[in-house]
Amino acid sequence: MAKSGAFNGASSCKLHGSADALESRFRRAVIEGQLSPDPEPRLLAAYVSTIMFGLSVQARGGASAEALRQVVCTAMRAWP
């Protein structure tokens, strides 16, 4: 199980890095008028990162491509 803990730590670092990059991009999109400032870019980045991380976990767990597509479609319906 130590491997799992190491994996979780590495994944957490990648997830935070991705969230930071997304937040920066979303902030730029707000400035450029491509995205509404509501919801806050930090929260939107956390939402997208959580969906991406969850999709990764589901894919590693054997979820079918169709099941993953359905999750993505559901997430996009919730997009602001």
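## Overall fold

The protein chain holds 3 helices and 0 strands. Both kinds of element are DSSP runs, numbered from the N terminus: helices are H or I with at least four residues, strands are E with at least two. From the N terminus, the order is α-α-α.

This is a predicted model: local features need pLDDT of at least 70, side-chain atom pairs count only at pLDDT 80 or more, and totals for chains, interfaces and linings use all residues. Residues are numbered from 1 along each chain as its sequence is written, and side-chain values use heavy atoms, with hydrogens and water left out.

## Burial and contacts

The protein chain has 80 residues, and 19% of them count as buried. Buried means under 20% relative accessible area, exposed over 50%, and partly exposed in between (1.4 Å probe, protein chains only).

Take the contacts (heavy atoms within 4.5 Å) between residues at least 6 apart in sequence. Of these, 44% join residues at least 24 apart.

## The loop at A63

A63 sits in the loop between helix 2 (41-60) and helix 3 (65-77). A63 is partly exposed, because its relative accessibility is 26%. Beyond its neighbours within four places in sequence, A63 touches Q58 and L68.

## Surface

Accessible areas come from the Shrake-Rupley method with a 1.4 Å probe; for residues, only the protein chains shown count as cover.

One nonpolar surface patch consists of V72, M76 and W79. Together they have about 260 Å² of accessible area. M76 belongs to helix 3.

Key
Patch = residues over 30% accessible without salt bridge, like charges linked within 9 Å, V, L, I, M, F, W, Y side chains within 5 Å. Salt bridge = Lys/Arg side-chain N within 4 Å of Asp/Glu carboxyl O.
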